[in-house]
Structure formats: structure tokens, C-alpha cells
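Open the structure in your viewer and keep the selection tool at hand. The tour goes from the whole chain to single side chains.

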Amino acid sequence: MKKILYTVMLFAGVALLSSCDNEFLGDKDAVGGTETEATAGEWYVWADGIDANGEVIDGYEDFYGGRFMVYTFNTAENKSSKMFIQDSDLSAFLIGGKAYYGFQVECTVNGLTFSTEASEDVWYGNAITIKNGIIIENGGHQNNGSVADSISFEVYYPDGNEYYTSAYGHAGYRIYGVRYSGLEEND
């Protein structure tokens, strides 16, 4: 008798669940990416030291001596007009009592371009300006030759510009690179 009761309950449960409306369960195809999906990602980048006009200074090409990572991602508001950009190395150095280098700052996004003017860095609280930010679909190449999206932007530290320029000989950085592929051959 118990087996019959359990069997009936099992079939009733299956029938109940299979008859549920999609509104209750949700539409599995409705789940999507974030509003910044086109601009969000991990990026292999290089940095050149630049002057206040955005020109690369002789001797400051490939300033850090190799690639590092930058991340772009949506804000908690998940609006297509805003994103965060973060340097992978959040370590900092002090200039005039303020921390510089590593940063995470919110940018205004317009299509595949982005910028921010003297916005507060999430980690260290100093002002960061990002100019001429752009992501170009299929605009770069990975180490293995495959086509990838590219990114470039300029980073300035307006609060400490005079300290920064006098200490390091340049006003900021031009950051440029390609979207991270995850393939070992591109590392």
C-alpha cells in the first residue's frame, strides 16, 4: 500500500511541476549579460609614459616592462552608460603623501568609448582622469595571431600632477592592449 501511495504522490508531484506556468518558473532564455557586456572584460595591456598632451615621451615606452591586466566591468546599477575600470595591480606608491598607480574608477560610457574627469579612486581616494578611452571590436591581435578586441585610454592623476611629473618625468600613462583570451598560447 505504501508503494502505491508513494507512486501516486510522485506522479502527482511531477504533474504539478510540469503544469506550472513559465511566469512562475521564469524564462530560462531571458537570462542575459550585463548592460556593459560589450565593454566588460579582462585586458592584457601595456603602458607608455605620456606628457600632458597625451604624447609618448622618449624613453618611457613600455613603462612597466611588459604586460599587465586591466579589468572593465559593470557598476551595481548595471547601466550601459557606466562601468568600472580597474588596474590589476592595486599596489600603490606615495607621491606627496598620496597613493598612485593602482586604481579603480567609475567611467562614463558612450557606446564603446569611455572617460571620466577627476573621479575618486575607489581604493585610494585620489582623483583619476581617464581620457580618450575606446574599445575597438576586432581591433587587435593576440600572441597567436588571432583577432581580438582592443582597448586604449590615457590615465592622469590631476591631484598630484606636479608631484607625479617632477618625480617620474611624465604626466600619466597611455594604456593599450587586447582582450584576454584565456588561452595559454596567448599568455
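Start with the whole chain selected. Of the contacts in the protein chain between residues at least 6 apart in sequence, 54% join residues at least 24 apart. This is a predicted model, so every value below is computed from it. Buried residues account for 35% of the 187 residues. The accessible surface of the protein chain is about 10900 Å², and carbon and sulfur atoms hold 53% of that.

Now switch to a cartoon view and colour by secondary structure. The protein chain has three helices and 10 strands. Followed from the N terminus, the elements come in the order α-α-β-β-β-β-β-β-β-β-β-α-β.

Next, select the strands of the barrel. In which order do the eight strands close into a barrel? The order is β1-β2-β3-β6-β7-β8-β9-β10, with antiparallel pairing. From one strand to the next, the twist averages 30°.

Look at one pair of strands from this barrel. Select residues 68-73, which are strand β2, and residues 82-87, which are strand β3; they pair in the antiparallel sense over four bridges. Show Thr 72 and find its bridge partner in β3, which is Ile 85.

Stay in this region and show the side chains of Glu 77 and Lys 82. They meet in a salt bridge, at 3.0 Å from N to O. Is Glu 77 buried or partly exposed? Glu 77 has a relative accessible area of 45%, so it is partly exposed.

Arg 179 forms a salt bridge with Asp 149, and the closest N and O atoms are 3.1 Å apart. The pair links distant parts of the chain, since Asp 149 is in strand β9 (residues 147-156) and Arg 179 is in strand β10, 30 residues away. Both Asp 149 and Arg 179 are buried. For Arg 179 the relative accessible area is 19%, and the label applies because buried means under 20%.

Keep Arg 179 selected and show what surrounds it. Beyond its neighbours within four places in sequence, its contacts include Ala 38, Ala 40, Gly 41, Glu 42 and Trp 43. Ile 135, Gln 142, Ala 148 and Asp 149 are also in contact with Arg 179.

Then select Arg 174 and Glu 154. They form a salt bridge whose closest N and O atoms are 3.7 Å apart. Arg 174 lies in strand β10 and Glu 154 in strand β9, so this pair ties together parts that are 20 residues apart in sequence. Arg 174 is partly exposed, at 26% relative accessible area, whereas Glu 154 is buried, at 9%.

Val 122 sits in the loop between β7 (113-120) and β8 (127-141). Its relative accessibility is 46%, so Val 122 counts as partly exposed.

Notes. Residues are numbered from 1 along each chain as its sequence is written. This is a predicted model: local features need pLDDT of at least 70, side-chain atom pairs count only at pLDDT 80 or more; totals for chains, interfaces and linings use all residues. Side-chain values use heavy atoms; hydrogens and water are left out. Helices (H or I, at least four residues) and strands (E, at least two) are DSSP runs, numbered from the N terminus. Buried means under 20% relative accessible area, exposed over 50%, partly exposed in between (1.4 Å probe, protein chains only). Contact means heavy atoms within 4.5 Å. Two strands pair if DSSP finds at least two bridges between them. Axes are lines fitted to C-alpha atoms, for helices over the stretch in contact, and angles run from 0 to 180 degrees between N-to-C directions. Accessible areas come from the Shrake-Rupley method with a 1.4 Å probe; for residues, only the protein chains shown count as cover. A salt bridge is a side-chain nitrogen of Lys or Arg within 4 Å of a carboxyl oxygen of Asp or Glu.
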